[in-house]
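Hello,

Here is the structure I said I would pass on. Please look through it first, then read the notes below.

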Amino acid sequence: MLIDTIKKENMLALKNKDENKRAVYSILINKYMLLGYELKAKGQEIKDDDLLKIIQKTIKELEEEKSSYLKGNREESAANVQKQIDAISSYLPKMLTEEEIKNIILSLEDKSIPSVMKHFKQNYASNCDMGLVNRVLKSL
């Protein structure tokens, strides 16, 4: 499972004294464990797709943190956050580009917003940013 790889990377970061990677891997592991406890209480199992969603959400949070550092002229802190983003981005599958999203939307019969969003959520959830899908759809 993907979480095992992240745990190994966390241990490697600990041995190499890489505080940026260690911090972000620890965050992912903690979020994964918390979600696992929540799902177990509901009688469900946690999957790699759940971890991918956690990674995507964490990247968005880190991007916001980075932009705040840049606004405050704290380039060193922003660079550290970027290192964290780079460390976990490699675990995400290749994301769809705007052009690919546009082509998929154009190939659909029903181009209504709910229908398109449902199609992307079911078929491309971990491969695309739903906000980008929404923007591309509205631009057509």
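Of the 140 residues in the protein, 33% are buried, where buried means under 20% relative accessible area, exposed over 50% and partly exposed in between, with a 1.4 Å probe and protein chains only. This is a predicted model, in which local features need pLDDT of at least 70 and side-chain atom pairs count only at pLDDT 80 or more, while totals for chains, interfaces and linings use all residues. Residues are numbered from 1 along each chain as its sequence is written, and side-chain values use heavy atoms, with hydrogens and water left out.

The protein has seven helices and zero strands; helices (H or I, at least four residues) and strands (E, at least two) are DSSP runs, numbered from the N terminus. The C-alpha trace spans about 55 × 45 × 20 Å along its principal axes.

I looked at one helix in detail. Helix α2 covers residues 19–41, 23 residues in total. Its first and last C-alpha atoms are 33 Å apart, close to the expected 33 Å, which is 1.5 Å times one less than the number of residues. Its buried residues are N20, V24, Y25, L28, I29, Y32, G36 and L39. Among the elements covering them are α1 (2–15), α3 (48–71) and α4 (75–89).

Both ends of α2 have something to check. At the start, a side-chain oxygen of D18 comes within 3.4 Å of the backbone nitrogen of N20. Just after the helix, G43 has a positive phi of about 85 degrees.

Regards

Technical notes
Contact = heavy atoms within 4.5 Å. Polar contact = N/O pair within 3.5 Å; in protein donor to acceptor, adjacent residues only side chain to side chain.
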